Amino acid sequence: MSFKPPRGMRDYLPEDLAKRRFIESCIRRLFRLYGYEEVETPAVEGYELLAAKVGEETRRSMYVFEDLKGRRLALRPEGTAPVARLVATRLRTAPKPLRLGYIWDFYRYDEPQFGRYRRFYQGGFELIGVDSVEADVEVLCIAADLFRMLRLPGVWFRVSHVGVLRSLLAFYGYGEDVQNRVLGLADKKMYGEIFKLLDELGSPGSLVDTVSRVVKLRGFDRRRVLGEARKVLEGFTGASEGLGRLSDVLDLLSEVHPDVRVMVDLGFARGLEYYTGIVFEVFVEGFDIALAGGGRYDRLIEVYGGEPTPAVGFSPGVDRILAVMDRLGVSPTCKPGRILLVTPVSEGKLREAFKVACRLRAEGIPATLDVKGRRLRSTLSYADRMGFRYVAIIGEEASEGYVTLRDMDTRTQEKIPVEELPSKLSKFKLPETLNLETPGKQFLEGL
Ligand code: AMP
């Protein structure tokens, strides 16, 4: 019997979890800054719903199972489909635009390797109900802000517009099925396979020629790349519209975020089939895995029975960001902040120590009771190893209302009245989270 978590899935020990929480807190800060409200859906959904538009690659990597009544269910491999389901159903009549956010775990039967797991966390920002350049740029700005907040060096964006290749193929009469296959191959940079497929389908040489020229168009000089693309795509109305949109989006982005490095790459697509407009991924120099990805999906919500609703979003990969930060040595140092250990000198003083700890907590000061009756020396060495900043020693003098407060950093100690403890430790006081007169109000304001 194996006592390890399943392959590709992992446990988070306190320090790992603290690091994850740091990334999550950056994402949540952006929820607040930009006005996104968090939602949560079950990790398990009907297979058909999750499989509808995710693309062949993701579909094949889904964890699919039957429940005891024979219903076909799956673990979510990504977050946009569940959010689209919410918008199509319970949020159908909600005023638009809607800004929804999430930080959930996802499951994919990927081959485990650096930055690739079978269970991983992603944040998500979905802006629903607007089809404007500004909406596209808002999402790109959030991504830029997130990576600036994380202070990762060498960040760059790869951006494209799936409408370019889709319209080109549609112009030659190819429907969604062929378009999806071509984009899926482009996502994996398998351009040779694209030409083979088009050949097999008996495509005219002019299409193969145009596609082969388009997928090679890339570079950080957006004006040059888009200029060349315009020439290649002259006469293809739909594809040219896609280019125009991409150009408008990048112009506005460079105005508000001139420092963001953007590579226009018309051979770049994303495997998820629901994308209809701009698509992008975020990279860090030296790593060939995307740290975040997103794009516009204007026709997904109607797949779930909703009104036709334009939408755009993006999703940062929390674990992958952490893996890259760790590798670069720039991950947040998240030592647990242990503050005060309250310890009795003997078994007989345990009750008194218990009361002191209660009294401190009532005042919002974190206090951990050393419930293990052991010698003071062992307790102090335990406090050292655990990184407690102070130890309150409850000894004989407790009966006169005194405790000994030991500073573990300076290794000095002083005898002080119990009632002075809260003011002595006031800098560690936790912020109020509950105000009993208006329950929840302060909590919400503090979020
Ligand atoms: P996707 O839904 O494929 O666009 O993924 C969005 C982001 O989630 C990616 O850019 C990655 O950062 C992250 N991600 C995707 N798949 C995995 C995985 N197997 N393990 C860890 N992170 C992943």
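**Ligand site.** I then looked up polar contacts, meaning pairs of N or O atoms within 3.5 Å. A polar side-chain atom of arginine 108 lies 2.7 Å from an oxygen atom of the ligand, a polar backbone atom of alanine 290 is 3.1 Å from a ligand oxygen, and for a backbone N or O atom of alanine 292 the distance to an oxygen of the ligand is 3.3 Å. On its own the ligand has 480 Å² of accessible area, and the protein covers 93% of this; such areas come from the Shrake-Rupley method with a 1.4 Å probe, and for residues only the protein chains shown count as cover.

**Conventions.** I note that residues are numbered from 1 along each chain as its sequence is written, and that side-chain values use heavy atoms, with hydrogens and water left out. Because the model is predicted, local features need pLDDT of at least 70 and side-chain atom pairs count only at pLDDT 80 or more, while totals for chains, interfaces and linings use all residues.

**Whole chain.** I looked up 17 helices and 17 strands in the protein chain, taken as DSSP runs (helices H or I, at least four residues; strands E, at least two) and numbered from the N terminus. The C-alpha atoms fill a box of roughly 95 × 55 × 45 Å along the principal axes. Of the 447 residues, 52% are buried, where buried means under 20% relative accessible area, exposed over 50%, and partly exposed in between (1.4 Å probe, protein chains only). With contact meaning heavy atoms within 4.5 Å, residues 24 or more positions apart make up 67% of the contacts with a separation of 6 or more.

**Leucine 291.** I placed this residue in the loop between β10 (278–284) and β11 (292–296), and leucine 291 counts as buried because its relative accessibility is 2%.

**Helix α6.** I found that seven of the ten residues of α6 (residues 162–171) are buried, so this helix is largely enclosed by the rest of the structure. The buried residues are Val162, Gly163, Val164, Leu165, Arg166, Leu168 and Leu169, and their cover includes β7 (155–161), α7 (176–187), α8 (191–200), α9 (205–214), α11 (237–256) and β10. Just after α6, glycine 173 takes a positive phi of about 85°.

**Serine 132.** I located serine 132 in the loop between β6 (119–128) and α5 (133–149); neighbours within four places in sequence aside, serine 132 is in contact with Arg245 and Arg296. Serine 132 and arginine 296 are 164 residues apart along the chain, and their C-alpha atoms are separated by 10 Å.

**Backbone entries.** I recorded a cis peptide bond from lysine 96 to proline 97, with omega near 0°, and proline 97 sits in the loop between α4 (80–88) and β5 (98–107). Arginine 151, in the loop between α5 and β7, has a positive phi of about 55° although it is not a glycine, and counts as exposed at 70% relative accessibility. Arginine 411, in the loop between β16 (402–407) and β17 (412–417), has a positive phi near 60° and is partly exposed, with a relative accessible area of 47%.

Technical notes
A polar contact is a pair of N or O atoms within 3.5 Å; within protein, one must be able to donate a hydrogen and the other to accept it, and residues adjacent in sequence count only if both atoms are side-chain atoms.
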